[in-house]
Amino acid sequence: QVQLVESGGGLVQAGGSLTLSCAASGRTFSRYIMAWFRQAPGKEREFVARISLSGGSTVYTDSVKGRFTISRNNEKNTMYLQMNSLKPEDTAVYYCTALGSAYWGQGTQVTVSS
């Protein structure tokens, strides 16, 4: 079992940066492909980025490509999402998950002001 806790959300101006963290507890963190999703008010949850087991391969949704960077530190059981050049449309609750598991974090709110 994996427990996930997101942190690092907050209010930031457009064009600013923010780094989210996803701290995992459990003994099998490194066995999961990890991913970030987000959900804006009134919208469906959408995929943001995912990262391979070792962190060597990443995939991003087009809307964040070039602006966001996903990474992981398996020794620290932590995944990160570095967000640069933030836009108001990035405003959402961001969730981390271990793909192939039923485990999700509680979410962290990111709000980008104009």
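Me: Which residue in β6 stands opposite A49?

Reply: Y60 does. The model is a predicted one, in which local features need pLDDT of at least 70 and side-chain atom pairs count only at pLDDT 80 or more, while totals for chains, interfaces and linings use all residues. Residues are numbered from 1 along each chain as its sequence is written, and side-chain values use heavy atoms, with hydrogens and water left out.

Me: What makes β5 and β6 a pair?

Reply: Strands pair if DSSP finds at least two bridges between them. Strand β5 (residues 46–51) and β6 are joined by 3 bridges, so they qualify. They run antiparallel. A strand here is a DSSP run of E, at least two residues, numbered from the N terminus.

Me: How do you know that β1 pairs with β3?

Reply: 5 bridges join β1 to β3 (residues 18–25), and the two run antiparallel. In β3, S25 is the bridge partner of Q3. On β1 (residues 3–7), L4 and E6 make up the covered face, whereas Q3, V5 and S7 make up the uncovered one. Side chains in a regular strand alternate between the two faces of the sheet.

Me: Why are β2 and β6 placed at the edges of the sheet?

Reply: The open sheet has 6 strands in the order β2-β10-β9-β4-β5-β6, with mixed pairing. β2 (10–13) and β6 each have a single partner strand, so one side of each lacks a neighbour in the sheet. From one strand to the next the twist averages 25°, on a scale of 0 to 180 degrees between N-to-C directions of axes fitted to C-alpha atoms.

Me: Why is the contact of E46 with R38 called a salt bridge?

Reply: The term requires a side-chain nitrogen of Lys or Arg within 4 Å of a carboxyl oxygen of Asp or Glu. The closest N and O atoms of E46 and R38 are 2.7 Å apart, so the pair meets it.

Me: Is R38 buried or exposed?

Reply: R38 has a relative accessible area of 5% and is therefore buried (under 20%; exposed is over 50%, partly exposed in between, 1.4 Å probe, protein chains only). E46, at 31%, counts as partly exposed.

Me: What does D90 tie together?

Reply: D90 forms a salt bridge with R38 at 3.0 Å. D90 lies in the loop between β8 (78–83) and β9 (92–98) and R38 in β4 (residues 34–39), so parts 52 residues apart in sequence are tied together. D90 also meets R67 in a salt bridge (2.8 Å, N to O). R67 lies in the loop between β6 (58–60) and β7 (68–73), so this pair ties parts 23 residues apart. Both D90 and R67 are buried.

Me: Which residues form the network of salt bridges?

Reply: R38, E46, R67 and D90 are linked in it. The structure holds 3 salt bridges.

Methods: Helices (H or I, at least four residues) and strands (E, at least two) are DSSP runs, numbered from the N terminus.
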